[in-house]
Amino acid sequence: MAFGVFIHRSDSIYDDSPAERYQFPAQYLSRAQPTEGDWIIYYEPRKVPGTRGYFAVAKVERITPDPSTSGMYLALIEPGSYLDFANPVPFAGPQGPIETGVLNEEGRISGRAQSAVRPISAADFNRIINIGLSDDAPLLPRTDAIAEGDRLREQPVPFIFEQDRIRVPVLTSRLVRDRIFRRTVLRAYDQRCAITGLKLINGGGRAEVEAAHIKPVEANGPDIVSNGLALSGIAHWMFDRGLISLGDDLEILISRQANDPDSIRGVINKGGYALQPDRLIERPHPHFLEWHRKHCFKR
């Protein structure tokens, strides 16, 4: 088992769903196989407008041939392991790349940085996780202080496991995941309730809105922004109890079993549609909305 980096972009030609699967051609199989049963970091290339850099972490459950496409493979993500970073991590800062393994022996960025699937040392993995999950991002490492053993060469080299995997237990902590999920969802919705449109900030500067999973954790719903909604307390209560739901076009649906539908209409957005994040990739995914309508909404 070994850590890895998977390159993903929202306009990918591949059949990717980062919280569920990652599709790749056979040429990357030998690089992807060592990550089976271990953690990978998702990275969005610098050429993508508004790139998120290193933006999420997930655990590869298994790798299998893609039954629908000849010559392609799928890295299947362990349910519940995906986690968006609280702080998307840039490829480089003022002092150089944060993933030191992309440097060659001369300290320059090598062709390895373009590889869609690549290994990453435990030291680099921990460094990126620390920044991605931290409220206050630490300084990036100096390129002239990179230890020789932390570099990856152009030719295949063994993965480095000397570093303690201090961040892996954090990735499975429900308390940590809930805190980060709340931060990423509220940021996507500008701390505004998607159902009522209200943005209420209490005296302590904290938003009076909650991060709700569309498909709940108990049903293997992932901690990805597209499976989340920013909801006020009453809207969250109604959503969880199936009194309201959303259509694929984000129309707010009111259950026929609601005892006071007129009052519900009085608190939802006047236009009858939920607010949505600016970034397309962060908007509620139809896959999760369909689950909520099928398993939770009281039609």
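The structure is a predicted model, in which local features need pLDDT of at least 70 and side-chain atom pairs count only at pLDDT 80 or more, while totals for chains, interfaces and linings use all residues. Residues are numbered from 1 along each chain as its sequence is written, and side-chain values use heavy atoms, with hydrogens and water left out. Helices (H or I, at least four residues) and strands (E, at least two) are DSSP runs numbered from the N terminus.

**Helix H4**

- Helix H4 comprises 15 residues, 174-188, and its end C-alpha atoms lie 21 Å apart, in agreement with the 21 Å that it should span at 1.5 Å a residue; the expected span is 1.5 Å times one less than the number of residues.
- Within H4, the residues Val-176, Arg-177, Ile-180, Phe-181, Thr-184, Val-185, Leu-186 and Ala-188 are buried, where buried means under 20% relative accessible area, exposed over 50%, and partly exposed in between (1.4 Å probe, protein chains only).
- These buried residues of H4 pack against strand E6 (83-89), helix H2 (122-133), helix H3 (168-171), strand E10 (210-213) and strand E11 (228-231), with contact meaning heavy atoms within 4.5 Å.
- Asp-190, which comes just after H4, takes a positive phi of about 55 degrees.

**Salt bridges**

- The structure holds 14 salt bridges, each defined as a side-chain nitrogen of Lys or Arg within 4 Å of a carboxyl oxygen of Asp or Glu.
- Glu-20 and Arg-21 are joined through their side chains in a salt bridge of 3.6 Å, N to O; Glu-20 is partly exposed at 29% relative accessible area, and Arg-21 is likewise partly exposed, at 23%.
- Arg-279 and Glu-44 form a salt bridge at 4.0 Å, N to O, and this pair links distant parts of the chain, 235 residues apart, with Arg-279 in the loop between helix H6 (261-267) and helix H7 (286-295) and Glu-44 in the loop between strand E3 (39-43) and strand E4 (54-65).
- Of these two partners, Arg-279 is partly exposed, with a relative accessible area of 29%, whereas Glu-44 is buried, at 1%.
- Glu-99 and Arg-118 meet in a salt bridge at 2.9 Å, N to O, which links distant parts of the chain, 19 residues apart, from the loop between strand E8 (96-97) and strand E9 (117-119), where Glu-99 lies, to strand E9 itself, which holds Arg-118.
- Glu-99 is buried at 1% relative accessible area, and Arg-118 is buried at 1%.
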